[in-house]
Amino acid sequence: MSFTAYKDTIEEGDFVFCWISREIIKPIHVKAGEVLGTRFGIFSHDDMIGSLYGAQISSAKGYGFIHLLHPSPELWTLSLPHRTQIVYTPDSSYITQRLGITVGTRVIEAGTGSASFSHSFARTIGREGKLFTYEFHEPRYVEAKQELEEHGLTNVEITHRDVCNGGFEIEENGASKDIRANAVFLDLPSPWTAIPNLSSVISKDSRVGVCCFSPCIEQVTKTVEALMAHGWSSIEMVEVSAKRWEARKQMVRRVDDAVERLRDVKRRKDAGIQRRKDDIAREALEGTEPSIGDKRPASETPQPEEKTKETGFNPFGKGVRVRDGDPQWEWINVSKVESDIKSHTSYLTFAYMDPNIRVVNPVEEVAEIIA
Amino acid sequence: MSEYTYQEPKEAVFDKPTQLITRGQCVVVRLPSELTKMVVLGQGKLVNLGKFGTFCSDEVVGYPFGQSFEILEDNKVKPIGALLQTHDEPEDAEYDNATDELIRNLASSENNQQIINIGTKIQKMTTAEIEELKETGGAGVGKQIIEKIIASHDAFDKKTVFSQEKYLKRKQQKYLRRFTIDYAGPSQVLQFYYQKDPSRVLDMSEESLGMMMNLANVRQGGKYLLVDETGGVVLYAMMERMRGEGMIVVAHENEHPNHSVMAHSNYSDELIDSVVKPINWLQFFDPEEEKIGWTDFPQDIIDGMTGSKRQQYYRRKRRATDVNHAINLVESGNFDALIVATTLHMPSLVEKVLEKVGGSRPMVFYSQFKETLVQTQHVMAKDLRVLAPTIFETRVRPYQTIPGRIHPVMSMRGFGGYLLWATRVFPKEGITAVGRGIVRKENRKKQKIEALDELSGAPTEESTPEV
């Protein structure tokens, strides 16, 4: 039940997300005697058993380490094997919030794809909720089904189906299952062909929200037309754009210090010229005649690094490796956006279906109201 | 970590209606102008929507949330398909057929070449005439006004079909006596407060709120530590994702926490009390001092008390139990997430409270200013108890959604806040990262720090010395 509740200590057979770096998170099932090989070393599963979730462990050689993390839908999204393009957290969390998906919501998802969003739905809808997810590609369906079972997501029912042609209805004991979805998420190449099939599987006595997830504007046009034609209203398309920011430090380099440094360089240059002149004059007095441009012996030449570090005015640490935030210098906190951003994931087309019926006659109403 | 258990005095039942408009409930009334109002549907209570008219609460009870209505005479309503109907929606209404016809019968132009902006001169109907019509009230008066306005518009036929539709929509927003009853969920309450005063909800957008919930892995049965200065919007969103199951310890800086938003939530006080455990920062950081010593009085003394004395006794007992319970919860720590939306200085806050977060559990900080989170991230990057602190910004861009004329809307809200997400971890003492090149003993410590920084995403490339 790792995706539905936290536990503290890792036991044999547990699902553990090995955090190797931001880019590499390796989900493993812990099994005594086995090892995990990474570029930071080899890690023994035996060391993991009995460790706390969140613990850092070192490799067999004693250096190099990884963190052992507890599964969560958001970490799964970062680590899962991509069978398809996936829905990332900024999109999935917004869709969940906007459609009002909470504990107890009955959700339809098509297609399942890499089941990234399925994990997130399953977590949010809880025990009382139900996710009906559909995948038309058989190998993907088989993989996803196994994965959902292994992850203990018992509130998810996956069906191998092309919902555009075959609809959403599920046969059970010769009758159609009562799906009564309150929310629908369509991540399909042609959602407009699936929209007509929704009417028999959505709730008849409450508002139903739909979100169609399509990358192209042409798809949005066809989707909106289909939604209008089938009685959906409050249609709105939006786009989610998310950025990751990185905290940095920038050294405070004052122009006064730059001026002072130039002055210092000039002063030292002048002093050097003067010294050279004095040398020539002295040498002329002593009767030796060095040709112009002759160098002094190496032993008399000051070492350049020493000069910068010790004799010169060096306010910005030039020629020295300075660590960001080194307290010897002054810094300001700055931020910059990650180098590559996802500038477009998909367009999100939202719409609602209202049953337009009075479910309870207020005269007969008996429900006790909480103040 | 000691496991602290506490027996609730009584099981609170979650029975909040979320799909059906129910009497006595707090609901959102959405107007054609896109403004929203919060209303409690008292029995027989009239709801005045200003120029949009008045309706009786009883009229809307029993319909599912999301239902739209048109105001008729005598505070009555009739259910309608949607709040605003566009030209091509086939659904319902004589009204729409009528306006459709109106537009169809009137000529339109290929382009706007003939449009000359001469303001009021083009509209033959005067404000006084419109007001007079409004006074007559009654069903369909909005429709009549719009029809007359269009009929009296000298250059309506010079407009393109597109601009005729837009004109119509504007007039519908202004004159139609329609409204929608929406569920007062966290997103709707957030939107309502945002309209009134964005600073009250720390400029938080719905997308930031939703992402907070997901990043913090909020779900049924969790035990969370929350700091919330949005008046309870974050708390409400968490309650919705937990449906009465689990625990939220709310740390605050006053005598009582401010959860004014919860008044719109339709949760009973019993339910809120069973889930939400407030604790002020003094109690949080000085638990031994702040615990309330309590011994029950013998039963015969209680029996001998006067009514008001006995009530007072039980109140004091309740308070002692609640405070001590909250303190015990914080002392036992191991929270499933730390969720923070505060104007308190976060870099110093995080150092003091992160010990309370369980291993591998998420920490999510919200701020309306990125700078605050940048500073916090710098502090976290140096703290080995924190893994991979990351700042996110998420923004939703709305589009005009009409087939053939899809484009982003011209203006949208500029802010919505930032999020910092990190994971609580337990560093291992005395271990060494794999460095670049050969590891010499004296360099090991330095390399460990470097590798840690690399893992936690802190910048190292440009600034770390080569070994």
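**Figure 1. Helices H5 and H7 of chain B are roughly antiparallel to each other.** In this predicted model, helix H5 (residues 186–196) and helix H7 (residues 233–242) of chain B pack at an angle of about 165°, with their axes 9 Å apart. Axes are lines fitted to C-alpha atoms, for helices over the stretch in contact, and angles run from 0 to 180 degrees between N-to-C directions. Angles under 35 degrees count as roughly parallel, over 145 as roughly antiparallel, 65 to 115 as roughly perpendicular and the rest as oblique. Helices (H or I, at least four residues) and strands (E, at least two) are DSSP runs, numbered from the N terminus. H5(B) passes H7(B) in a right-handed crossing (left-handed if the near helix is turned anticlockwise from the far one by less than a right angle, right-handed if clockwise). H5(B) contributes B:Pro186, B:Val189 and B:Leu190 to the contact, and H7(B) contributes B:Val233, B:Tyr236, B:Ala237 and B:Glu240; contact means heavy atoms within 4.5 Å. By class, 6 of these residues are nonpolar, none polar and 1 charged, where Ala, Val, Leu, Ile, Met, Phe, Trp, Tyr, Cys and Pro count as nonpolar, Asp, Glu, Lys and Arg as charged, and the others, Gly among them, as polar.

**Figure 2. An open sheet of 5 strands in chain B has antiparallel pairing.** The strand order is S2-S1-S7-S5-S6, two strands being paired if DSSP finds at least two bridges between them. Strand S2 (36–40) and strand S6 (77–80) of chain B stand at the edges with a single partner strand each, so one side of each lacks a neighbour in the sheet. Neighbouring strands are turned by 35° against each other on average, direction ignored. Strand S5 (residues 68–71) of chain B pairs with S6(B) over 4 bridges, and B:Ile71 stands opposite B:Val77 in S6(B). Helix H5(B) lies across strand S1 (26–30), S2 and strand S7 (178–183) of chain B, running at about 120° to S2(B).

**Figure 3. Helices H3 and H4 of chain B cross in a right-handed manner.** Helix H3 (residues 141–151) packs on helix H4 (residues 161–175) at an angle of about 140°, with their axes 10 Å apart. On H3(B), the contact is made by B:Gly142, B:Ile145, B:Ile146, B:Ile149 and B:Ile150, and on H4(B) by B:Tyr167, B:Leu168, B:Lys171, B:Gln172 and B:Tyr175. These residues divide into 7 nonpolar, 2 polar and 1 charged.

**Figure 4. Chain A has an open antiparallel sheet of 4 strands.** The order is S2-S1-S6-S5; strand S2 (25–29) and strand S5 (56–58) of chain A are the edge strands, each pairing on one side only. The twist averages 35° from one strand to the next. S5(A) and strand S6 (residues 65–69) of chain A pair over 3 bridges, with A:Ile66 as the bridge partner of A:Ile57.

**Figure 5. A hairpin joins strands S3 and S4 of chain A through 2 residues.** Strand S3 (residues 35–38) and strand S4 (residues 41–44) of chain A pair in the antiparallel sense over 4 bridges. The bridge partner of A:Val35 in S4(A) is A:Ser44.

**Figure 6. UniProt places a "binding site" feature at A:Glu135, A:Asp162 and A:Asp187 (unreviewed entry).** UniProt positions are given in the numbering used here, feature names are shortened, and annotations may be inferred rather than shown by experiment. Although spread over 53 residues of sequence, the three positions cluster in space, with a largest C-alpha distance of 12.3 Å. A:Asp162 is in the loop between strand S9 (156–160) and helix H6 (163–166) of chain A.

**Conventions.** Residues are numbered from 1 along each chain as its sequence is written, and chains are lettered from A and ligands numbered from 1 in the order in which they are written. In this predicted model, local features need pLDDT of at least 70, side-chain atom pairs count only at pLDDT 80 or more, and totals for chains, interfaces and linings use all residues; side-chain values use heavy atoms, with hydrogens and water left out.
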